[in-house]
Amino acid sequence: MTHTARRMFELLEPICLVTYFADECNAELAALGHRTYWDGYFASRAAPLGRVPAQVVHAAFYSFAEGEAARHIPSAWETIPPEESVAARERGSAASLRRILGAELADSPGLLRAADLTTEAATRAPTEGRVMYAGMRTLPVPGDPVARLWHSATMLREHRCDGHVAALVGARVGGTEAHVLEALEKGIHPPESFGRIHHLPKERLAAVMDGLRERGLVDTDGRFTDAGRETKQRIEALTDELAAPPYDALSPAELDELVAELEPITATLVAAGSR
């Protein structure tokens, strides 16, 4: 099932990425009154948790540096209710998918079947220890097949992210450290130039790199050591293992069918860069 979890991640991630890469979601959130991309991001992604304080959002998201959540939460909800933000995220994401896929794919029996099977998996996993996933489970499942496919893919993404956080915590790898390891895996050097962390203060990034060197995970040049590469591989393997339970809800034949129906959808999104 770990192989299945990895394959499903590869197939579903481009569906989820329209939320962050395409224009429609940001436009919907801006129309509500969110001033910046990050206001809309934090307000809409955290919305299923309810009006929790910034410390809870920081803990659940895990990968953001100290203080980043507090720049947006709870101020992003002061004039825009969380439920409006999460609804705008769904509308914009579904609109992006429809535009990129075109009518032939978006209205196809294959997409409808993919939405049904993805929803079956996404609504059957245990919620214990899965904070972001549990929050998504409280939201109504959309009736429109395109919106339902996005919603269920995003539920599975949050389920996987919750497990990834658990794997990182178990490996004693912090959120910013995790971005460094990801950058190195992607071949980005220096890893401090990675787009997700390059904006952080140089002193903060230097302290993170020093800590990774002290633990033997990166070398003096800021590249993977054997121990660092093994740690990253172990985290990813455990993430796949923890992401597998939702797919127990599908039979082997249904899993094969889901993969077959998702492949043309994902290929179209990958070709467009999910934009």
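Which helix gives the most to the lining of the largest pocket? I noted that H1 does, with eight residues; here a pocket is an open set of points on a 1 Å grid over the protein atoms alone, where a 1.4 Å probe fits, with protein on both sides within 12 Å along at least five of seven lines, and lining residues have an atom within 4 Å of a point.

Before going on, I recorded that this is a predicted model, in which local features need pLDDT of at least 70 and side-chain atom pairs count only at pLDDT 80 or more, while totals for chains, interfaces and linings use all residues. Residues are numbered from 1 along each chain as its sequence is written, and side-chain values use heavy atoms, with hydrogens and water left out.

I then looked up the pocket's extent: about 1500 Å³ of space lies in it, and of its 46 lining residues Glu13, Arg157, His179, Glu182 and Arg196 lie nearest the centre. I found the lining divided into 22 nonpolar, nine polar and 15 charged residues.

Of its 39 residues, Ile15, Leu262 and Ile265 touch the most other members. I listed the contacts (heavy atoms within 4.5 Å) of Ile15, among them Leu97, Trp150 and Leu269, not counting residues up to four places away in sequence.

Last, I noted that the buried residues of H11 include Lys232, Glu236 and Asp240, and that H1 and H8 are among the elements covering the buried residues of H11.

Terms used
Core = buried A, V, L, I, M, F, W, Y, C linked by side-chain atoms within 4.5 Å. Buried < 20%, exposed > 50% of the residue type's maximum accessible area, 1.4 Å probe, protein only. Helix = DSSP H or I, 4+ residues; strand = E, 2+ residues; numbered from the N terminus. Points joined across faces, edges and corners; volume = space filled by probe spheres on them. Nonpolar A, V, L, I, M, F, W, Y, C, P; charged D, E, K, R; others polar.
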